[in-house]
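Student: Please take a close look at one part of this model: the nonpolar packing and what surrounds it. State each cut-off once, where the term comes up.

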Amino acid sequence: MEHQSVTVLDFGGQYNQLIARRVRECGVYCEIKRFDTPIDEIVAAKPAGIIFTGGPNSVYDMTSPHISEEIFRAGIPILGICYGAQLMAYTLGGEVSSCEKSEYGKIAIHTKFRSALFADVPGDNIVWMSHTDYISRVPEGFTVTASSADCPCAAMECADRKLYAVQFHPEVTHSEYGREIMHNFLYNVCGCKGDWVMDNFVENTVQSLKEQIGDKNVILGLSGGVDSSVAAALLSRAVGKQLTCVFVDQGLMRKDEGDYVEQTFTRMFDMKFVRVNCRDRFLRELKGVTDPEQKRKIIGTQFYNVFWDEIRKQDERGFFAQGTIYPDRIESGRGNKAGQGSTAVIKTHHNMVKMPDDIEFEGVIEPLGELFKDEVRKVGEMLGLPHELVWRQPFPGPGLGVRIMGEITAEKIEILQEADAVFRDEIEKSGIACDLRQYFAVLPDVHTVGVMGDHRTYEHLIAIRAVTTDDFMTADWARIPYDILARVSNRITNEVEHVNRVVYDITSKPPGTVEWE
Ligand code: XMP
């Protein structure tokens, strides 16, 4: 598919993916590449523009990522952000110095000249800064276009050469006009047309899947998560019954979730659907195991054993498809991880699994390999997937296995499923679900004393956890109103057998993690 593309050169900044997402949100396709990608390769891809990301280093540190001056002579518009701005100044003969006072947070800047970058942006506006070095002298031919009280060069440019640089971060929402500035660079400077729209994506992808697959078969491992569900829906639209979805239900999903996934896909989509119920096999393997890492390992290994066994049963395998998305393929600060054509590497949350040697396919298909999560969701909605599936909260690969401390047993799974269902029901009914990124129950395997009528009880404690977060790297516990917590607690202790106490987890991340194991 031919569309204009922008290259985001990654110098190790924490916001590199955010920059790429913002570019895409402006309707322009972009890819993240390592800072040390050969310049010939960057130029040969004919990007409409290049963006240098920020990074934690100082340009004067020789171990910092640098770039040859050649890139500036390629005639391609460049926007440098933060470290990327300093690098542009340094490489082109300007000067970078250390600030007496680091600038951090929301800072007022004043734009000094008419600039294509600041079109329709008020002269005084607020941006997000986070830097210790600053550009103390701009290179020859450059003009300072914005400054702040502590930073004489908050932006500079050499419009003739289409080189632009900003000390601040236009990609974060704290920069009031960040979106406009990104848009201005893409459209006013790079001349982008905005040809990256999801309508075209669905149509073009379905067409190219049809061409690629022809009359062969395709097998996809369906987990019920957003990515594999959207990949399944796209493939089903392209090749219908030539698609076989294998759904391994290890019995560690939330209450009734396995049935929900099966019903959704068998009713709504044209495909062959194979559900493998293997709870007992998993329970056997997990018997007596209490160490969290060992449990994770067993669940992961068993999952793939079952999956490969099922695949071995399929004749005429054709292609292997998976719901890999763009962030799975990139690694912060390093550009592409798996890279294009990363055959036989299977996506999981925390690790990559190799396909067994005896299983052969015509090739691997990753229909979502270019998309960010928000784009995947858009595609899912366009394909008619139910809202609750598209907007499903993240659910760990090992499922409830990481929410039951100690040994996993059938009884504990049932207790947790029931308690979790009550909690989710109350959150959804109360209308606060959209404010929370993740909310679930945990079974800590602790028994506490309680009282019921005249009897003393000694039953399970349930913990409930709800977090707000942007990216799951940090998270805060959600301030759920007391009356909702009270209803949750009443219902769980009344409705779920073997539970006599409920506690609410008020730990943020760090120091805690979102999950308990
Ligand atoms: P933590 O507990 O690391 O969780 O703060 C951050 C996010 O990752 C999810 N998570 C997992 N997902 N396999 C997964 O697929 C795992 O082993 C796993 N552990 C944590 C967690 O639910 C949260 O969204």
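Tutor: A nonpolar core here is a set of buried Ala, Val, Leu, Ile, Met, Phe, Trp, Tyr and Cys residues joined through side-chain atoms within 4.5 Å; buried means under 20% relative accessible area, exposed over 50%, and partly exposed in between, with a 1.4 Å probe and protein chains only. The model is predicted: local features need pLDDT of at least 70 and side-chain atom pairs count only at pLDDT 80 or more, while totals for chains, interfaces and linings use all residues. Residues are numbered from 1 along each chain as its sequence is written, and side-chain values use heavy atoms, with hydrogens and water left out.

The largest nonpolar core has 51 residues, and those with the most contacts inside it are I427, I462, I464, I480 and I492. Two or more residues each come from β11 (243–249), α8, α9, α13, β19, β21, α14 and β23; helices (H or I, at least four residues) and strands (E, at least two) are DSSP runs numbered from the N terminus. This core draws at least three residues from each of domain 2 (198–390) and domain 3 (403–504), with bounds from an automatic or database domain assignment. A second, separate core of 41 residues includes F201, L235, V261 and M271.

Not counting residues up to four places away in sequence, I480 touches F423, I427, I432, A466, L485 and Y504, where contact means heavy atoms within 4.5 Å. Both F423 and I427 are among the buried residues of α13.

Helix α13 covers residues 410–430. Its 21 residues should span 30 Å at 1.5 Å a residue, and the end C-alpha atoms are 30 Å apart, so the two agree; the expected span is 1.5 Å times one less than the number of residues. The buried residues of α13 pack against α8 (279–286), β19 (438–442), β21 (455–468), α14 (482–495) and β23 (499–504). Just after the helix, G431 takes a positive phi of about 80 degrees.

The term requires a side-chain nitrogen of Lys or Arg within 4 Å of a carboxyl oxygen of Asp or Glu. K429 and E426 are three residues apart in α13, so about one helical turn separates them. K429 is exposed, with a relative accessible area of 57%, whereas E426 is buried at 5%. Salt bridges with shared partners join D425, E426, K429, R487, R491 and E495 into one network.

The count by this rule comes to 32 salt bridges. One of them pairs E517 with K295, the closest N and O atoms being 3.0 Å apart. E517 lies in the segment after β23 and K295 in helix α9 (residues 292–313), so the pair ties together parts that are 222 residues apart in sequence. Both E517 and K295 are buried.

Another is the pair D227 and K373, with closest N and O atoms 3.0 Å apart. D227 sits in helix α6 (residues 226–239) and K373 in helix α11 (residues 373–382), so this bridge ties together parts that are 146 residues apart in sequence. D227 is buried at 5% relative accessible area, and K373 is partly exposed at 32%.
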